[in-house]
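User: I have a structure open and would like to talk through a few of its features with you. Could we start with some helix packing and then move on to other topics?

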Amino acid sequence: MSTEAIAHSPSHEHVHEEAHHHVLPWYRRYLFSTDHKVIAKQFMLTSFIFLFIGGAFALIIRWQLAYPGKPIPVIGALFPSTWVTEPGSGIITPEFFAQLLTMHGSIMIFFVIIPLAVGMFGNFCIPLMIGTNDMALPRLNMWSFWLLPPAGLIILTGFFTPSGYAAAGWTSYPPLAAQTGYPTFTFTGQTLWLIAVFLIGFSSIMGGVNYITTVLNKRAKGMRLFDMPLTIWAIFITAILAVLGTPVLAAGLAMLFFDNFLHTSFFLPDNLVTSSKYFGGGQPVLFQHVFWFYSHPAVYIMLVPLMGVVSDVISTFSRKPIFGYKAMIFAIASIAGLGFIVWGHHMFQSGMNPLLGTTFMLSTIVIAVPSAIKVFNWLGTLWRGNIHYSAAMLSALAFVSMFIIGGLSGVFMASAPVDIYIHDTYFIVAHIHYVLFGGSLFGIFAGLYYWFPKMFGKMLSETWGRRHLFWTFIGFNVCFFPMHVLGLGGHMRRIYDPNVYDFLKGLHPMNQIITYGAFLLGFAQLILIGNILYSLFFGKKASRNPWHANSLEWAAPPHPGHGNFDSDITVYRGPYEYSVADRELDYWPQWEPGKAISIHHHTIAVD
Amino acid sequence: MKSVFDFLGWFPENISTFGGELDALFAIIWWVCVGIFFLTFGLMAIFMIVYRNRDGHRGYNYHGNNILEIAWTILPTILFAGIGLYSNEIWEVTKYSNRNPKPDVEILMLGKQFTWMFLYPGADGKFGRNAYTDRTARADMSATNPFGRDSLDPAGADDFMVENQFRVPVNANVVVRGSTIDVLHSFFLPHARVKQDVIPGTWMNIWFNIFKTGKYELACAELCGSGHYAMRAEYQVLSNADYDAWLNQKSAEIKGMNAGVAEEPAAADTTAPKSM
């Protein structure tokens, strides 16, 4: 194997490094650590805090839609006077409602899903699963995390500005997001939002560069690219997406920031009739193009890493090789590639040339094909398996099933004429939540249940894990499935009070059911937090390879220290050799010596 | 109580000529999706039960099958490309401006936070000089004269504006030229299956042909600020006779008002501000 020499990393160094790190002061070990595992945990902790903030915002939104004009129970009385109609009334204002939906979307996307999917799993999995001691660029890695907390503080500081939080939606379309009515150099919720998302973008770029470099240069001896687990493939391709897409978003955000802060006019056309005098010569739709050029790939940035995670979990717990390993990689690559030429499907009704609608419709609908390939391969993996229903596996199966529904509802929107009616309705809200909650978040749960023993050296409670997933699954579907029919009834998204419209009056009971589901969903997450905290302190100690899995991270000690591995790692085969005939064990780790031949897609061990 | 699982039963009544086609296309995709749903969920359920972990049982070491991979690449491609090409024909008819029918009625529409404004050409069917008919008149757009109308143009003497309501004749090709004076709005007629964002600085062509008389609602579907939810209007679809009567009456009213104004030059500034 000629690639061995190239792929082999200088693994002798880590022995010395380990010795140095023992004398590091506490803040270098826990705060400004360059250890990829610590950084992964930092991403996890920060994002979980934001998950609950974003979730609480969502529950306030849901309360308002189910009981418009009724005071928020319990916490409503504590709201500051700018949030409510009268001090102490607990009834939120339309202004605050717009701020809530903006912050909910922004926090969940930029501060929860992307940091968890890419930051947490990328950091934790890459060095361990390719058998190396750390990232290629550990200090850059540290910085990629340390942009997140300041960005989070900045976005939340919007509350203290005269305008409150940003209120133009997470998409922040100008002119709404560009006309401030404030003098230059005024910080508003919108400008702070732009700065925060800009910083997050930098974090993504730094992380992405690091992931690409690490995967290409630091693989263990003997590991070819096609010996990498699908998690690593998925994160690798995601990193390429992030590095290519995020600078485009950064450009758009910078221009929008200048429009706000310096009264430039990148996106403001002539002849507006507003109180502001600073406009002219700009084009509002340009921002939408720039924004979606990044933000559509961003959907895949949020989803693709979890497709990899779920593939590994399904293969491990089905005790079967992943079905169509290379087909899975090519499917991910084509999803990522096509992801860059479909952004216009967010803009079918935006007023862009309808000819472009035709182009984007055809490219979008083709994305259904690699998605279908992935689903069929997951089903193929289950076929003739020996399926163990662990919490991780249940979560992965929830991912697959919810991704099917989310994918199918996407076909409706991909068809431009059908999108005329359902665009900007709750059908879209249902779709994005099936993809980003039903997809990404269940994928994150799967990865968390799967790698928790390696992350913290303790086992999570399987019983409580199943309870958490059960109630999450029920709450999720009660909450989001009826949103499809809300959308078909014509219910617009982002409206404060649907009862203004006669044609929406019949949908009110549905809105209430959705809210019950949302509260169930929200409170079910407390089970997860309880489970994590209990396991951390009182959990069963994890063994080195509790799931009898094949990939390299399970060769490391249960709670690996800096440097990860306590033995030299050489890779002998791909990561999916489960249930090989003629072997007593039903798994065959990548690091165990032994020869095998492949006949008609079966692996046969030879001595 | 309608079932949550029957998507097709939830649409509001369709009243426009192309709405039926859009609904039918939705139904086609719906049935395709129902089929795929039962196929995939059925397989998954069967595999989950049949291949659950049992003592003495072992997984099957099998890495995949190229014929299957090719099959489940090509079949979805044909299916989805078919849906795409079929959709495109309907898309062209509803949105391509060269496929728009000849307008029987033309209305100008402007959105502003949080009001819909409509300008009718009046009984003569002709607009006077305004921000739509003449680019240079855009400079005259203001809060009191949003359409930038030129009060000196005689063709515009019977043009009249209505707010948060409009009326159209039944069975007529209505073309709404829409724009906005501040932020993005979206012109959404749920019953007529019409939705089009409007952009400041650009006039969008929105057409529809409604076959049923009655009173319906217009909503804004693009977040446009805190009052977005209440940016609602009503529209009436009238028989041709009723529509003409209404048009003539409004034109006469506005002509009377303009005539009254013309006699008092001092008041002219407030109704037709042409000042910069």
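User: What is the handedness of the crossing of α9(A) and α11(A), left-handed or right-handed?
Analyst: Bearing in mind that this is a predicted model, the crossing of α9(A) and α11(A) is right-handed.

User: And at roughly what angle do the axes of those two, α9 and α11 of chain A, cross?
Analyst: The axes of helix α9 of chain A, residues 230-261, and helix α11 of chain A, residues 325-339, cross at roughly 15° and come within 10 Å. Because angles under 35 degrees count as roughly parallel, α9(A) is described as roughly parallel to α11(A).

User: Which residues in α9(A) and α11(A) meet?
Analyst: From α9(A) there are Leu230(A), Trp233(A), Ala234(A), Ile237(A), Ile240(A) and Leu241(A), and these meet Met328(A), Ile329(A), Ile332(A), Ala333(A), Ala336(A) and Gly339(A) in α11(A). By class, this contact of α9(A) with α11(A) divides into eleven nonpolar residues, one polar and no charged.

User: Switching to strands, how do β1 and β2 of chain A run, parallel or antiparallel?
Analyst: Strand β1 of chain A, residues 595-599, and strand β2 of chain A, residues 602-606, run antiparallel and are joined by five bridges. Within that pairing, Ala605(A) in β2(A) is the residue that Ala596(A) stands opposite.

User: How many residues lie between β1(A) and β2(A)?
Analyst: The two strands form a hairpin with two residues between them, and His600(A) in the turn has a positive phi of about 50°.

User: On to the chain contact: how many residues of chain B are in contact with chain A?
Analyst: On the chain B side there are 82 residues, in contact with 86 residues of chain A.

User: Which element gives the most to the side of chain B that touches chain A?
Analyst: That is α2(B), with 15 residues. The elements of chain B giving two or more residues to this side are α1 (19-50), α2 (66-95), β6 (185-189), β7 (194-198) and β9 (214-220). Taken by class, the side of chain B that touches chain A has 47 nonpolar, 23 polar and twelve charged residues.

User: Last topic, which domains does the assignment of chain B give?
Analyst: The domain assignment gives domain 1 (13-98) and domain 2 (103-271) of chain B, and the centres of these domains, taken over C-alpha atoms, are separated by 43 Å. Their contact takes nine residues from domain 1 of chain B and ten residues from domain 2 of chain B.

User: What classes of residue are on the side of domain 1 that touches domain 2 in chain B?
Analyst: That side of domain 1 of chain B has three nonpolar, five polar and one charged residues.

How values were computed. Residues numbered from 1 in each chain as written. Chains lettered and ligands numbered in written order. Predicted model: local features only at pLDDT ≥ 70, side-chain atom pairs only at ≥ 80, totals over all residues. Domains from an automatic or database assignment. Contact = placed C-beta atoms within 7 Å. Nonpolar A, V, L, I, M, F, W, Y, C, P; charged D, E, K, R; others polar. Pairing = 2+ DSSP bridges. Helix = DSSP H or I, 4+ residues; strand = E, 2+ residues; numbered from the N terminus. Axes fitted to C-alpha atoms, helices over the stretch in contact; angles between N-to-C directions. Parallel < 35°, antiparallel > 145°, perpendicular 65-115°, else oblique. Left-handed = near helix turned anticlockwise from the far one by under 90°.
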